[in-house]
Amino acid sequence: MMAILQQTLQTLYAYRMKSSLAIIAIAWGVISVVVLIALGEGFYRHQIDSFRFMMNQTQIVVPTQTGKPWQGLPARRELKMTESVMQRIEQAGFIQSYSVRYKQREARVTDNKGHFLTSEVSGVGTNYLQLATLSLQENSRPISPLDIEHHSRVVVVGDRIAAMGKISLNDTIKINGIPFRVIGLLKGSDQGFNFGDRRSVMIPVSTFKDLWDLLPTMLFLQPEKGITGPVLRNNILRFYAGQMHFDPTDHDAMWIPDFSDGAKMITAIFRGIQAFLGASGIMTMAVGALGVANIMFLSVTERTREIGVRMAIGATRRSILSQFVTEGMILIAIGSLIGFAVAAGIVAVLERMPLPDWLGVPVITPGAVIITLIVTGFLAFLASYFPARRASDLTPVLALSARG
(Lines give C-alpha, C1' and ligand atoms only; values in the text may rest on other atoms or scores of the structure.)
Protein backbone atom coordinates (compact mmCIF):
# COMPACT_ATOMS: atom_id res chain seq x y z
CA MET A 1 0.00 0.00 0.00
CA MET A 2 2.84 2.38 0.86
CA ALA A 3 4.45 1.64 -2.49
CA ILE A 4 1.23 2.52 -4.33
CA LEU A 5 0.86 5.72 -2.28
CA GLN A 6 4.48 6.75 -2.94
CA GLN A 7 4.15 6.06 -6.65
CA THR A 8 0.86 7.96 -6.72
CA LEU A 9 2.39 11.05 -5.11
CA GLN A 10 5.29 10.94 -7.58
CA THR A 11 2.85 10.71 -10.49
CA LEU A 12 0.74 13.59 -9.17
CA TYR A 13 3.87 15.72 -8.87
CA ALA A 14 4.94 14.79 -12.39
CA TYR A 15 1.54 15.87 -13.69
CA ARG A 16 1.22 18.77 -11.25
CA MET A 17 -0.53 21.14 -13.68
CA LYS A 18 -3.40 18.73 -14.26
CA SER A 19 -3.40 17.80 -10.57
CA SER A 20 -3.68 21.46 -9.59
CA LEU A 21 -6.62 22.00 -11.94
CA ALA A 22 -8.41 18.99 -10.45
CA ILE A 23 -7.78 20.24 -6.91
CA ILE A 24 -9.09 23.70 -7.77
CA ALA A 25 -12.20 22.22 -9.35
CA ILE A 26 -13.12 20.11 -6.33
CA ALA A 27 -12.18 22.88 -3.86
CA TRP A 28 -14.55 25.23 -5.66
CA GLY A 29 -17.31 22.62 -5.42
CA VAL A 30 -16.75 22.15 -1.67
CA ILE A 31 -16.73 25.91 -1.12
CA SER A 32 -20.02 26.21 -3.01
CA VAL A 33 -21.73 23.47 -1.00
CA VAL A 34 -20.53 24.63 2.42
CA VAL A 35 -21.14 28.36 1.87
CA LEU A 36 -24.57 27.89 0.28
CA ILE A 37 -25.70 25.50 3.01
CA ALA A 38 -24.35 27.94 5.64
CA LEU A 39 -26.28 30.80 4.02
CA GLY A 40 -29.37 28.59 3.86
CA GLU A 41 -29.07 27.67 7.54
CA GLY A 42 -28.64 31.31 8.55
CA PHE A 43 -31.65 32.27 6.43
CA TYR A 44 -33.73 29.44 7.91
CA ARG A 45 -32.85 30.30 11.51
CA HIS A 46 -33.56 34.00 11.02
CA GLN A 47 -36.89 33.44 9.33
CA ILE A 48 -37.99 30.84 11.88
CA ASP A 49 -36.99 33.29 14.62
CA SER A 50 -39.16 35.87 12.87
CA PHE A 51 -42.12 33.53 13.24
CA ARG A 52 -41.07 32.12 16.60
CA PHE A 53 -44.39 33.01 18.23
CA MET A 54 -46.15 30.62 15.85
CA MET A 55 -43.56 27.94 16.65
CA ASN A 56 -44.05 28.43 20.36
CA GLN A 57 -46.75 26.65 22.38
CA THR A 58 -48.20 29.93 23.62
CA GLN A 59 -51.95 30.06 23.17
CA ILE A 60 -53.91 33.29 22.72
CA VAL A 61 -57.40 33.64 24.16
CA VAL A 62 -59.65 36.59 23.27
CA PRO A 63 -63.26 36.73 24.52
CA THR A 64 -65.72 37.78 21.79
CA GLN A 65 -69.45 37.05 21.69
CA THR A 66 -71.50 33.88 21.81
CA GLY A 67 -72.79 32.32 18.63
CA LYS A 68 -75.37 30.02 20.23
CA PRO A 69 -78.09 30.41 22.87
CA TRP A 70 -77.40 28.58 26.12
CA GLN A 71 -79.71 27.72 29.03
CA GLY A 72 -82.05 30.63 28.36
CA LEU A 73 -79.27 33.07 27.54
CA PRO A 74 -79.40 34.57 24.03
CA ALA A 75 -76.88 34.25 21.23
CA ARG A 76 -74.64 37.17 20.27
CA ARG A 77 -74.05 37.91 23.92
CA GLU A 78 -70.79 39.82 24.41
CA LEU A 79 -68.44 38.17 26.87
CA LYS A 80 -66.85 40.61 29.27
CA MET A 81 -64.11 38.87 31.23
CA THR A 82 -62.45 40.50 34.19
CA GLU A 83 -58.87 39.78 35.14
CA SER A 84 -59.99 37.65 38.08
CA VAL A 85 -62.08 35.45 35.76
CA MET A 86 -59.17 35.07 33.35
CA GLN A 87 -56.84 34.15 36.21
CA ARG A 88 -59.06 31.29 37.39
CA ILE A 89 -57.65 29.10 34.63
CA GLU A 90 -54.43 28.89 36.64
CA GLN A 91 -56.26 26.43 38.91
CA ALA A 92 -57.49 24.30 35.99
CA GLY A 93 -54.46 22.00 36.12
CA PHE A 94 -53.35 22.21 32.51
CA ILE A 95 -51.70 25.65 32.50
CA GLN A 96 -48.01 26.22 33.26
CA SER A 97 -48.00 30.04 33.11
CA TYR A 98 -50.20 32.87 31.91
CA SER A 99 -50.35 36.62 31.45
CA VAL A 100 -53.24 38.97 30.85
CA ARG A 101 -52.83 42.01 28.65
CA TYR A 102 -54.72 45.28 28.86
CA LYS A 103 -54.72 47.77 26.01
CA GLN A 104 -55.39 51.52 25.89
CA ARG A 105 -55.31 53.05 22.42
CA GLU A 106 -56.22 56.61 23.36
CA ALA A 107 -53.42 57.55 25.75
CA ARG A 108 -50.94 60.35 25.25
CA VAL A 109 -47.35 59.20 25.62
CA THR A 110 -44.67 61.89 25.33
CA ASP A 111 -40.98 62.24 25.98
CA ASN A 112 -39.67 64.46 28.74
CA LYS A 113 -39.87 67.50 26.44
CA GLY A 114 -43.49 66.92 25.55
CA HIS A 115 -42.97 65.44 22.07
CA PHE A 116 -45.67 62.92 21.21
CA LEU A 117 -44.52 59.30 20.92
CA THR A 118 -47.58 57.04 20.75
CA SER A 119 -51.17 56.63 21.89
CA GLU A 120 -50.92 52.91 22.72
CA VAL A 121 -50.19 51.62 26.22
CA SER A 122 -50.33 47.99 27.33
CA GLY A 123 -50.71 46.71 30.87
CA VAL A 124 -48.88 43.39 31.18
CA GLY A 125 -47.82 40.81 33.75
CA THR A 126 -44.39 39.44 34.53
CA ASN A 127 -44.66 36.54 32.06
CA TYR A 128 -45.84 38.55 29.09
CA LEU A 129 -42.49 39.08 27.34
CA GLN A 130 -41.67 35.38 27.51
CA LEU A 131 -45.09 34.23 26.35
CA ALA A 132 -45.20 36.77 23.51
CA THR A 133 -41.61 35.75 22.56
CA LEU A 134 -40.29 39.30 22.92
CA SER A 135 -36.68 40.06 23.77
CA LEU A 136 -35.10 43.04 25.52
CA GLN A 137 -32.00 44.98 24.61
CA GLU A 138 -28.85 44.63 26.68
CA ASN A 139 -29.02 46.00 30.27
CA SER A 140 -32.82 46.16 30.11
CA ARG A 141 -35.01 44.38 32.62
CA PRO A 142 -38.59 43.15 32.38
CA ILE A 143 -41.48 44.16 34.60
CA SER A 144 -41.04 42.33 37.91
CA PRO A 145 -43.47 41.03 40.53
CA LEU A 146 -42.33 43.88 42.82
CA ASP A 147 -43.24 46.41 40.12
CA ILE A 148 -46.75 44.97 40.04
CA GLU A 149 -47.01 44.73 43.83
CA HIS A 150 -45.85 48.34 44.35
CA HIS A 151 -47.76 49.77 41.36
CA SER A 152 -44.42 51.08 40.10
CA ARG A 153 -44.30 53.76 37.44
CA VAL A 154 -41.85 51.96 35.19
CA VAL A 155 -42.17 51.30 31.47
CA VAL A 156 -40.81 49.02 28.76
CA VAL A 157 -40.64 50.87 25.43
CA GLY A 158 -41.06 49.34 21.98
CA ASP A 159 -37.94 49.57 19.84
CA ARG A 160 -39.59 51.66 17.12
CA ILE A 161 -40.90 54.17 19.66
CA ALA A 162 -37.46 54.29 21.29
CA ALA A 163 -35.77 54.90 17.94
CA MET A 164 -38.26 57.59 16.93
CA GLY A 165 -38.00 59.46 20.24
CA LYS A 166 -34.32 58.61 20.87
CA ILE A 167 -35.31 57.05 24.18
CA SER A 168 -32.64 55.37 26.30
CA LEU A 169 -32.67 53.30 29.47
CA ASN A 170 -33.45 55.29 32.65
CA ASP A 171 -34.95 58.13 30.62
CA THR A 172 -38.28 59.52 31.72
CA ILE A 173 -41.38 59.48 29.53
CA LYS A 174 -44.85 60.67 30.42
CA ILE A 175 -48.14 58.82 30.07
CA ASN A 176 -51.06 61.26 30.27
CA GLY A 177 -48.66 63.66 31.98
CA ILE A 178 -47.48 61.15 34.62
CA PRO A 179 -43.71 60.43 34.60
CA PHE A 180 -42.51 56.85 34.11
CA ARG A 181 -38.92 55.59 34.23
CA VAL A 182 -37.73 53.52 31.26
CA ILE A 183 -36.45 50.14 32.55
CA GLY A 184 -36.45 48.22 29.29
CA LEU A 185 -36.24 48.58 25.54
CA LEU A 186 -37.57 45.91 23.20
CA LYS A 187 -35.06 44.37 20.84
CA GLY A 188 -35.88 45.01 17.22
CA SER A 189 -36.89 41.93 15.25
CA ASP A 190 -38.62 40.94 12.04
CA GLN A 191 -41.08 38.76 13.93
CA GLY A 192 -43.80 37.82 11.50
CA PHE A 193 -46.51 37.80 14.18
CA ASN A 194 -46.78 40.54 16.80
CA PHE A 195 -49.33 42.51 18.76
CA GLY A 196 -48.19 46.06 18.13
CA ASP A 197 -45.72 46.00 21.02
CA ARG A 198 -42.90 47.52 18.98
CA ARG A 199 -44.98 50.68 18.48
CA SER A 200 -46.34 50.91 22.02
CA VAL A 201 -45.18 51.03 25.64
CA MET A 202 -45.81 48.49 28.42
CA ILE A 203 -46.41 49.21 32.09
CA PRO A 204 -47.20 46.95 35.07
CA VAL A 205 -50.76 45.65 34.98
CA SER A 206 -51.50 47.11 38.42
CA THR A 207 -50.34 50.57 37.36
CA PHE A 208 -52.43 50.31 34.20
CA LYS A 209 -55.55 49.65 36.29
CA ASP A 210 -54.73 52.71 38.42
CA LEU A 211 -54.93 54.85 35.28
CA TRP A 212 -57.84 53.26 33.42
CA ASP A 213 -60.91 51.26 34.32
CA LEU A 214 -60.82 48.79 31.43
CA LEU A 215 -61.23 45.06 30.94
CA PRO A 216 -58.30 42.93 29.75
CA THR A 217 -58.30 42.35 26.01
CA MET A 218 -56.21 39.21 25.71
CA LEU A 219 -54.90 36.25 27.65
CA PHE A 220 -51.65 34.38 26.91
CA LEU A 221 -51.31 30.80 28.14
CA GLN A 222 -48.48 28.27 28.27
CA PRO A 223 -49.74 24.67 28.68
CA GLU A 224 -48.23 22.01 30.87
CA LYS A 225 -45.82 19.68 29.09
CA GLY A 226 -47.45 16.90 27.14
CA ILE A 227 -50.67 18.77 26.39
CA THR A 228 -51.26 19.06 22.67
CA GLY A 229 -52.71 22.10 20.96
CA PRO A 230 -56.16 20.63 20.16
CA VAL A 231 -56.56 19.31 23.70
CA LEU A 232 -55.47 22.65 25.16
CA ARG A 233 -57.91 24.67 23.05
CA ASN A 234 -60.77 22.32 23.88
CA ASN A 235 -59.94 22.50 27.61
CA ILE A 236 -59.81 26.30 27.51
CA LEU A 237 -63.18 26.55 25.80
CA ARG A 238 -64.83 24.10 28.19
CA PHE A 239 -63.32 25.79 31.25
CA TYR A 240 -64.48 29.29 30.37
CA ALA A 241 -67.85 27.98 29.18
CA GLY A 242 -68.42 26.91 32.79
CA GLN A 243 -67.19 30.26 34.10
CA MET A 244 -69.05 32.51 31.66
CA HIS A 245 -72.15 30.35 31.03
CA PHE A 246 -72.05 29.59 27.32
CA ASP A 247 -72.23 26.44 25.18
CA PRO A 248 -68.94 24.46 25.49
CA THR A 249 -69.16 23.74 21.75
CA ASP A 250 -69.60 27.42 20.84
CA HIS A 251 -66.31 28.27 19.13
CA ASP A 252 -67.57 31.79 18.31
CA ALA A 253 -67.57 32.71 22.00
CA MET A 254 -63.77 32.92 22.19
CA TRP A 255 -61.05 33.44 19.62
CA ILE A 256 -58.54 30.67 20.34
CA PRO A 257 -56.41 30.56 17.17
CA ASP A 258 -54.52 27.50 15.98
CA PHE A 259 -51.17 28.47 14.44
CA SER A 260 -49.79 24.94 14.11
CA ASP A 261 -50.73 24.45 10.44
CA GLY A 262 -49.21 27.79 9.51
CA ALA A 263 -46.07 26.98 11.49
CA LYS A 264 -45.65 23.65 9.68
CA MET A 265 -46.15 25.29 6.30
CA ILE A 266 -43.66 28.07 7.06
CA THR A 267 -41.10 25.56 8.32
CA ALA A 268 -41.52 23.45 5.17
CA ILE A 269 -41.13 26.49 2.90
CA PHE A 270 -37.93 27.65 4.58
CA ARG A 271 -36.49 24.12 4.65
CA GLY A 272 -37.29 23.89 0.94
CA ILE A 273 -35.35 27.10 0.26
CA GLN A 274 -32.46 25.78 2.32
CA ALA A 275 -32.51 22.47 0.43
CA PHE A 276 -32.51 24.34 -2.89
CA LEU A 277 -29.39 26.27 -1.90
CA GLY A 278 -27.70 23.05 -0.81
CA ALA A 279 -28.69 21.33 -4.06
CA SER A 280 -27.24 24.24 -6.04
CA GLY A 281 -23.94 23.78 -4.23
CA ILE A 282 -24.00 20.03 -4.84
CA MET A 283 -24.55 20.62 -8.56
CA THR A 284 -21.51 22.90 -8.57
CA MET A 285 -19.51 20.18 -6.83
CA ALA A 286 -20.73 17.64 -9.38
CA VAL A 287 -19.34 19.86 -12.14
CA GLY A 288 -16.04 19.96 -10.25
CA ALA A 289 -16.04 16.16 -9.94
CA LEU A 290 -16.75 15.89 -13.66
CA GLY A 291 -13.69 18.03 -14.25
CA VAL A 292 -11.64 15.66 -12.10
CA ALA A 293 -12.97 12.69 -14.09
CA ASN A 294 -12.05 14.37 -17.38
CA ILE A 295 -8.56 15.08 -16.13
CA MET A 296 -8.22 11.49 -14.98
CA PHE A 297 -9.39 10.15 -18.36
CA LEU A 298 -6.89 12.45 -20.07
CA SER A 299 -4.19 11.21 -17.72
CA VAL A 300 -5.01 7.60 -18.63
CA THR A 301 -4.79 8.45 -22.33
CA GLU A 302 -1.42 10.20 -21.93
CA ARG A 303 -0.01 7.42 -19.79
CA THR A 304 -1.16 4.48 -21.92
CA ARG A 305 2.40 3.38 -22.78
CA GLU A 306 3.42 3.71 -19.12
CA ILE A 307 0.52 1.42 -18.19
CA GLY A 308 1.58 -1.04 -20.88
CA VAL A 309 5.17 -1.14 -19.59
CA ARG A 310 3.96 -1.74 -16.02
CA MET A 311 1.71 -4.56 -17.16
CA ALA A 312 4.48 -6.10 -19.25
CA ILE A 313 6.77 -6.33 -16.23
CA GLY A 314 4.08 -7.93 -14.04
CA ALA A 315 1.74 -5.25 -12.74
CA THR A 316 -1.74 -6.62 -12.16
CA ARG A 317 -5.06 -5.04 -13.13
CA ARG A 318 -5.78 -4.59 -9.45
CA SER A 319 -2.58 -2.60 -8.86
CA ILE A 320 -3.29 -0.36 -11.87
CA LEU A 321 -6.86 0.16 -10.65
CA SER A 322 -5.66 0.90 -7.10
CA GLN A 323 -3.13 3.48 -8.26
CA PHE A 324 -5.57 5.47 -10.37
CA VAL A 325 -8.32 5.33 -7.72
CA THR A 326 -5.80 6.46 -5.11
CA GLU A 327 -4.68 9.32 -7.35
CA GLY A 328 -8.26 10.52 -7.75
CA MET A 329 -9.05 10.18 -4.06
CA ILE A 330 -5.91 12.09 -3.06
CA LEU A 331 -6.75 14.90 -5.47
CA ILE A 332 -10.26 15.18 -4.09
CA ALA A 333 -9.09 14.89 -0.45
CA ILE A 334 -6.65 17.77 -0.95
CA GLY A 335 -9.27 19.79 -2.79
CA SER A 336 -11.81 19.12 -0.02
CA LEU A 337 -9.45 20.22 2.74
CA ILE A 338 -8.64 23.43 0.87
CA GLY A 339 -12.34 23.93 0.14
CA PHE A 340 -13.37 23.52 3.78
CA ALA A 341 -10.66 25.93 4.94
CA VAL A 342 -11.59 28.58 2.39
CA ALA A 343 -15.33 28.11 3.04
CA ALA A 344 -14.81 28.56 6.79
CA GLY A 345 -12.92 31.78 6.06
CA ILE A 346 -15.65 33.06 3.74
CA VAL A 347 -18.38 32.31 6.29
CA ALA A 348 -16.34 34.03 9.02
CA VAL A 349 -16.07 37.13 6.82
CA LEU A 350 -19.79 37.02 5.98
CA GLU A 351 -20.63 36.85 9.69
CA ARG A 352 -18.97 40.24 10.14
CA MET A 353 -20.40 41.87 7.04
CA PRO A 354 -23.55 44.02 7.14
CA LEU A 355 -25.72 41.51 5.28
CA PRO A 356 -29.43 42.23 4.69
CA ASP A 357 -31.47 41.50 7.83
CA TRP A 358 -33.68 38.99 6.03
CA LEU A 359 -30.67 36.84 5.16
CA GLY A 360 -29.61 36.20 8.75
CA VAL A 361 -26.10 35.15 9.80
CA PRO A 362 -24.54 32.20 7.89
CA VAL A 363 -23.74 29.19 10.07
CA ILE A 364 -21.66 26.09 9.32
CA THR A 365 -23.37 23.22 11.09
CA PRO A 366 -22.14 19.64 11.67
CA GLY A 367 -24.91 18.54 9.32
CA ALA A 368 -23.50 20.70 6.53
CA VAL A 369 -20.04 19.18 7.03
CA ILE A 370 -21.44 15.63 7.03
CA ILE A 371 -23.51 16.26 3.89
CA THR A 372 -20.48 17.73 2.14
CA LEU A 373 -18.27 14.80 3.13
CA ILE A 374 -20.84 12.24 1.96
CA VAL A 375 -21.40 13.99 -1.38
CA THR A 376 -17.68 14.55 -1.87
CA GLY A 377 -16.85 10.92 -1.09
CA PHE A 378 -19.51 9.63 -3.49
CA LEU A 379 -18.47 11.92 -6.32
CA ALA A 380 -14.79 11.22 -5.63
CA PHE A 381 -15.38 7.51 -6.05
CA LEU A 382 -17.25 7.99 -9.33
CA ALA A 383 -14.66 10.45 -10.66
CA SER A 384 -11.81 8.08 -9.87
CA TYR A 385 -13.24 4.63 -10.46
CA PHE A 386 -14.25 4.79 -14.12
CA PRO A 387 -10.96 6.27 -15.41
CA ALA A 388 -9.12 3.74 -13.23
CA ARG A 389 -11.17 0.87 -14.62
CA ARG A 390 -10.43 2.03 -18.16
CA ALA A 391 -6.72 2.02 -17.35
CA SER A 392 -6.87 -1.45 -15.80
CA ASP A 393 -8.79 -2.84 -18.80
CA LEU A 394 -5.95 -2.03 -21.22
CA THR A 395 -3.96 -4.99 -22.56
CA PRO A 396 -0.14 -4.76 -22.58
CA VAL A 397 0.10 -5.17 -26.38
CA LEU A 398 -2.38 -2.39 -27.15
CA ALA A 399 -0.93 -0.11 -24.45
CA LEU A 400 2.65 -0.53 -25.69
CA SER A 401 1.64 0.09 -29.31
CA ALA A 402 -0.07 3.40 -28.39
CA ARG A 403 1.62 6.66 -29.23
CA GLY A 404 2.76 8.67 -26.21
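Predicted model: local features only at pLDDT ≥ 70, side-chain atom pairs only at ≥ 80, totals over all residues.
The structure holds nine salt bridges. One of them pairs arginine 45 with glutamate 41, with the closest N and O atoms 2.8 Å apart. Both residues belong to helix H2 (residues 16-50) and sit four residues apart, about one turn of the helix. Arginine 45 is partly exposed, at 44% relative accessible area. Glutamate 41 is buried, at 10%. A network of salt bridges links Glu41, Arg45 and Arg271.

Arginine 198 forms a salt bridge with aspartate 159, again described by its closest N and O atoms, 2.8 Å apart. Arginine 198 lies in the loop between strands E8 (178-185) and E9 (201-204), and aspartate 159 lies in helix H7 (residues 159-165), so the pair ties together parts 39 residues apart in sequence. Arginine 198 is buried, at 16% relative accessibility. Aspartate 159 is also buried, at 12%.

A further salt bridge joins arginine 233 and aspartate 258, with the closest N and O atoms 3.3 Å apart. Arginine 233 is in helix H9 and aspartate 258 in the loop between E11 and helix H10 (260-302), so this pair ties together parts 25 residues apart in sequence. Arginine 233 is buried, at 16%, whereas aspartate 258 is partly exposed, at 38%.

Aspartate 247 occupies the loop between helix H9 (229-244) and strand E11 (254-255). Aspartate 247 is buried but has no salt bridge. The nearest side chain of opposite charge, lysine 68, is 4.2 Å away. The side chain of aspartate 247 makes a 2.9 Å polar contact with that of threonine 249.

Notes:
Residues numbered from 1 in each chain as written. Heavy atoms only, no water. Helix = DSSP H or I, 4+ residues; strand = E, 2+ residues; numbered from the N terminus. Buried < 20%, exposed > 50% of the residue type's maximum accessible area, 1.4 Å probe, protein only. Lys, Arg positive; Asp, Glu negative; His and termini not counted. Salt bridge = Lys/Arg side-chain N within 4 Å of Asp/Glu carboxyl O. Polar contact = N/O pair within 3.5 Å; in protein donor to acceptor, adjacent residues only side chain to side chain.
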